[in-house]
Amino acid sequence: MGDHSATADVRGTQALAIVLAAGKGTRMKSAVPKVLHEVAGRPLIGHVLETLAASGRARPCVVVAPDAQGARVADVARHLAPGAAIAVQQTQNGTADAVLAAREQIAAHNGPVVVLFADTPLVRPATLDALSQSLSDGADVAVLGFEPADPTGYGRILTDAGGSVTAIREHKDATEAERSVRLCNSGVMAFAVSDLLGLLDAIGNDNAKGEFYLTDAVELARARGLKVAATLAPAEDVLGVNSRVQLAEAEAVFQARARHAAMDAGVTMIAPDTVYFSADTVLGRDIILEPNVFFGPGVTLADGVTIRANSHLEGARVGEGAVIGPFARLRPGANLGAKVRIGNFVEVKNVDMGDGAKANHLAYLGDGTVGTAANIGAGTIFCNYDGFRKHRTEIGDEAFVGSNSALVAPVKVGAGAYVGSGSVITKNVPDGALAVARSSQEVRENWAQRFRARMSAKKAGGKD
C-alpha cells in the first residue's frame, strides 16, 4: 500500500493547489490570453480560484508562461487571489514540466498537492472534496475521471480487476483496446506522497509528443508500491475551454446552474432560459424576473424586487420591493432604496435613490442623488458631463421634477420643490420653491389658416 507517513487529510490540512495557466490557447484566435476569456463576467481562471477560495483549504500557486501574456495572467491572478504564488514555466514541455515550475512551492509545502487547470472553470468545491476524500481514504495519488459521450482525444484511465488505477494513457499513445475504455482523464489530480518532487523528476518524455506528461506519475507511483484511486466527476464539471465554441458551452452550463440555484433559493423566473447571471450576482427571496433580463457584474437585489422584461443591470444595488423596467438600464453606481420605481427606457448611473423615489418613463439620471419619495418626470435628463468632467445633481426628498426637464449639473433641487415641465434648470432651487425656466408662450390667432392658404397658393403656382 505504500508509506502513508506523509499522507494528510485534505479536509483538515491546507493543500497546495497548483493551477496551470501557461497554455497558448491558439484556437481562441484572440490577443487575450485564453484563461482571461470570461464565463458569466468572470475570467476562466477566476472561476478556478473562486472554487479554491470557497473550499477554504487550498493555497493557490498559478503557473504562467514567461511572456507578456503570462504576465497579464499573473496580474489578474494576484488581483483575484492576493495570496496566490506565481511560478513561471520557462519552456512549455508538458504538464509534468508545468507542475515542476512550482518546484520551490512544492518543496516548501508540507501537505497534499492538487493540480488543476485554469481553463476548466466549472469544477465545483464538492467535486474537489470527493477527490480529497480519496486521499483521506488512503490513496497516495487520486485522479479525477469522467465519462464523456465521445471519449475521442481524451486520455484513458486504466484500472485493474480490483478497480485500482494502473495507468493513464494519452489517446495518441493508447492501443485500440485501451481506447475502448470509457473512463477518461480530466487532468485534475491530487497527491499525498512523501517525495512528490522525486516522483515528478522521474517522469520521462518517451511518448508521441515528446513531452513530460503528469499522467505518467500514475505508473511510476504504482511501481513504487503506492495506491492510486480514481474519482468520477460529472462531465460538465471538467469541461475544458480551448475554443470559442467551448467557451459558449461553458457559459451555457454556468447559466443553467445559476438559474436552477436561483429558483431553489426563492426566485421566480417566467422564462428562465432568457435570464443571464454574472458569477457574482446576489439575489434575495421572492424576486420576480421577467423574460430577457441580463445581469452584468456587481448586482445585488434585495427581497421582493421585480425586474421587468428586457432590462440590463450592472454594478447596481436594488432595495427591497423595488420595481425595475421594462426596458430599464441600471449602470455601475446605481444604488436604489426600497420601493423605488424605475420604468421603461430609464437609465440610472452612479445615482443614490431614496426609498420610494420614482422615475417611471424615458429619463437619464447620471451622477447624483434623488431623495426619498421624489418624482422624476418623463423625459428628464441629468446633464452631468461638460465634455471634461462629471458633475452631480441633487434632488431633495419629495421633490417633483416635471416632464421634459434638463437639470444642468452641478445643481440642487431642494426638498419639496417643484420644477415646471420643459424647464432647463441651471441654478439651485430652494426647498419648497417652484422653478420654471422656459420661454413664454405666444399665441397668434388664425395663423395656421393663413399659413396653409399662403403655402397652398405657392405650391399651385409652382413656386418654392
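Where is phenylalanine 327 found? Phenylalanine 327 sits in the loop between S20 and S21.

First, the ground rules. This is a predicted model, in which local features need pLDDT of at least 70 and side-chain atom pairs count only at pLDDT 80 or more, while totals for chains, interfaces and linings use all residues. Residues are numbered from 1 along each chain as its sequence is written, and side-chain values use heavy atoms, with hydrogens and water left out.

Now the whole chain. Along the principal axes, the C-alpha atoms fill a box of roughly 105 × 55 × 40 Å.

Of the 464 residues, 47% are buried. Buried means under 20% relative accessible area, exposed means over 50%, and partly exposed is in between, using a 1.4 Å probe and protein chains only. As for contacts (heavy atoms within 4.5 Å), take those between residues at least 6 apart in sequence: 44% of them join residues at least 24 apart.

Back to the loop. Strand S20 covers 323–324 and strand S21 covers 329–330, and proline 326 lies in the loop between them. The peptide bond joining glycine 325 and proline 326 is cis, with omega about 5°. Phenylalanine 327 has a positive phi, near 55°, and is a residue other than glycine. Its relative accessibility is 40%, so phenylalanine 327 counts as partly exposed.

Where else is there a cis bond? The peptide bond from alanine 409 to proline 410 is cis, with omega near 0°. Proline 410 is in the loop between strand S29 (406–408) and strand S30 (411–413). Leucine 362 also has a positive phi, about 50°, without being a glycine; leucine 362 lies in strand S24, residues 358–370.

Next, one histidine. Is histidine 37 buried or exposed? Histidine 37 is buried, at 8% relative accessible area. It lies in the loop between strand S1 (15–20) and strand S2 (38–39). Leaving out residues up to four places away in sequence, histidine 37 touches Met28, Ser30, Val32, Arg42, Pro43, Leu44, Arg244 and Leu247.

Last, the aromatic rings. The whole structure holds five aromatic pairs. Rings of Phe, Tyr and Trp (its six-membered ring) pair if their centres lie within 6.5 Å; planes under 30 degrees apart are stacked, over 60 edge-to-face, and the rest tilted. In one of the pairs, phenylalanine 400 and tyrosine 418 have ring centres 5.0 Å apart and planes at 20°, so they are stacked. Phenylalanine 400 is in strand S28 and tyrosine 418 in strand S31, so the pair ties together parts 18 residues apart in sequence.

Tryptophan 447 and phenylalanine 451 are also stacked, because their ring centres are 4.9 Å apart and their planes are at 10°. These two are four residues apart in helix H10 (residues 447–460), which means about one helical turn separates them. Tryptophan 447 is partly exposed at 41%, and phenylalanine 451 is partly exposed at 32%.
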